Amino acid sequence: MDFRPDPALDDFRQTVRVFLGEKLPADLVQQTIAIFSSRDAMRRWQAILNDQGWGAPSWGTAHGGTGWSVEEQLIFEEECTRAGAPTLDGFGHKLLGPVLNHFATPEQWEAHVPHILRGERNWCQGFSEPGSGSDLASLMTRAERRGDSYVINGQKIWTSNAHRADWIFLLARTDPEAKKQAGISFFLIDMATPGITVRPIWSIDGRHHLNEVFFDEVEVPAGNLVGEEGMGWAITKFLLNNEHATTAELPVLKAYLGAMKRLAVTRSVGDAPLVERSDFLTQIARFEAELGAVAVMVQRVAALHGDTGHLAHALGSMLKLRATDLQQRMSLFLVEMLGDEGALASPAEEQGLASEMFFRRASTIYGGSSEVQRGIVAKLMFGL
Ligand SMILES: Cc1cc2nc3c(=O)[nH]c(=O)nc-3n(C[C@H](O)[C@H](O)[C@H](O)COP(=O)(O)OP(=O)(O)OC[C@H]3O[C@@H](n4cnc5c(N)ncnc54)[C@H](O)[C@@H]3O)c2cc1C
């Protein structure tokens, strides 16, 4: 790998900045570090990006994407976060999109991908169940073939954004007799289908983004099965492999550092601004150094994209461990910088920092818990 600065990337960053300056509508600019923008903001911004030809920043040109390198994608995300642009629908873009580009029939691709690019359809991910999270292959939701349809019965949980998603991509068991991974299939389901019930779960961050989703005799056309019956596990491994370089959420870490530097001059202890306290400055410098190390790891993982070997897999896990730990410590420190006002948990108050800190408690759980990541590293790197 070559870590020297590439002038072409500076030009690219400048192009993105100019675009954001010209095309990001003022009323869409977010004042807080947001995990999910409103559905309306997401859709409007996606349509603007698509008009620019940037509707799918992480896909190849063959599928209607930008063809940007991973470095360019990271710069784009960083500049968007810095400018306060709405978030994209990551479930459609980063998780489902590559699956459809790789596994969908031409009919399935036509039926879904243009809607993702134009921002007309939001997705959610129906994998986890009450008894199946880390051990996902034990899932029990059943899909039974009846004529030209599958009938789905079961329950999903922790389904982010299910209450505002138009469609869900879902894992269900088509063959209860087969070895557990072999009996799983991957479906695309319209959330308006009769028999689907969404119940909210309010989380400690004071927000509603999580849900339970119940399926009661939900009839799904057989044409909504992606790949063959029983291929769901292979598709899931492909989908999760695409996640690695982005689990670090580097733009968010950089936004935290920016907020720390701002608060250091605007906040005081007694009469003295925080910036005059050497203990604060030392801590911020430590965070900056750790962030730099995570940024290098992101590049390493990105450079190994598509590599299915042990090292690439273990590095992805190490990156998730390091970056999510840093997210938690940095967001907690931001709250501490606010002093007594840090106790305000509402997303609207104090730039939502307390809410953000509470949300980040979950980052060492979703996308594979830290304990499971450590198990992967121990097994792949040390043969334990
Ligand atoms: C904010 C948030 C958003 C989420 N969004 C989605 C979503 O959109 N769609 C979706 O499908 N799911 C989603 N999830 C679910 C997430 O994927 C699961 O919570 C996660 O996989 C852990 O599963 P679990 O909650 O069932 O915990 P469990 O798997 O029951 O784990 C419980 C504890 O045991 C530990 N543990 C489990 N197995 C091992 C092991 N082999 N070795 C060591 N320790 C182990 C875990 O680390 C954990 O501490 C979300 C979760 C959160 C918190």
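How do the residues of the shell around the ligand divide into nonpolar, polar and charged? They split into 8 nonpolar, 9 polar and 1 charged, where Ala, Val, Leu, Ile, Met, Phe, Trp, Tyr, Cys and Pro count as nonpolar, Asp, Glu, Lys and Arg as charged, and the others, Gly among them, as polar. Before you look around, note that this is a predicted model: local features need pLDDT of at least 70, side-chain atom pairs count only at pLDDT 80 or more, and totals for chains, interfaces and linings use all residues. Residue numbers start from 1 along each chain, as its sequence is written.

**View 1. The shell around the ligand.** Here you see the 18 residues that surround the ligand, the closest being Phe 127, Gly 133, Ser 134, Ser 369 and Glu 371. Helices (H or I, at least four residues) and strands (E, at least two) are DSSP runs, numbered from the N terminus. Domain 2 (123-230) and domain 3 (243-382) each supply at least three residues of the shell.

**View 2. The domains.** The chain is assigned domain 1 (7-88), domain 2 (123-230) and domain 3 (243-382), with bounds from an automatic or database domain assignment. Taken over C-alpha atoms, the centres of domain 1 and domain 2 are 30 Å apart.

**View 3. Helix H1 against helix H3.** H1 (residues 7-23) packs with H3 (residues 70-83) at an angle of about 35°, and their axes are 10 Å apart. Axes are lines fitted to C-alpha atoms, for helices over the stretch in contact, and angles run from 0 to 180 degrees between N-to-C directions. On the H1 side, look for Phe 12, Arg 13 and Val 16, among others; the H3 residues they meet include Glu 72, Ile 75 and Phe 76. Residues count as in contact if their C-beta atoms, placed from the backbone, lie within 7 Å. This contact has 8 nonpolar, no polar and 5 charged residues.

**View 4. Helix H4 against helix H6.** The angle between H4 (residues 90-103) and H6 (residues 232-241) is about 125°, with axes 9 Å apart. That makes H4 oblique to H6, since angles under 35 degrees count as roughly parallel, over 145 as roughly antiparallel, 65 to 115 as roughly perpendicular and the rest as oblique. Leu 95, Val 99, His 102 and Phe 103 in H4 meet Ile 235, Phe 238 and Leu 239 in H6. By class, that's 6 nonpolar, 1 polar and no charged.

**View 5. Helix H7 against helix H9.** H7 (residues 250-266) and H9 (residues 310-337) pack at about 25°, with their axes 10 Å apart. That makes H7 roughly parallel to H9. Their contact has 12 nonpolar, 2 polar and no charged residues.

Technical notes: A residue is near a molecule or strand if its C-beta atom, placed from the backbone, lies within 6 Å of it. Two residues are in contact if their C-beta atoms, placed from the backbone, lie within 7 Å.
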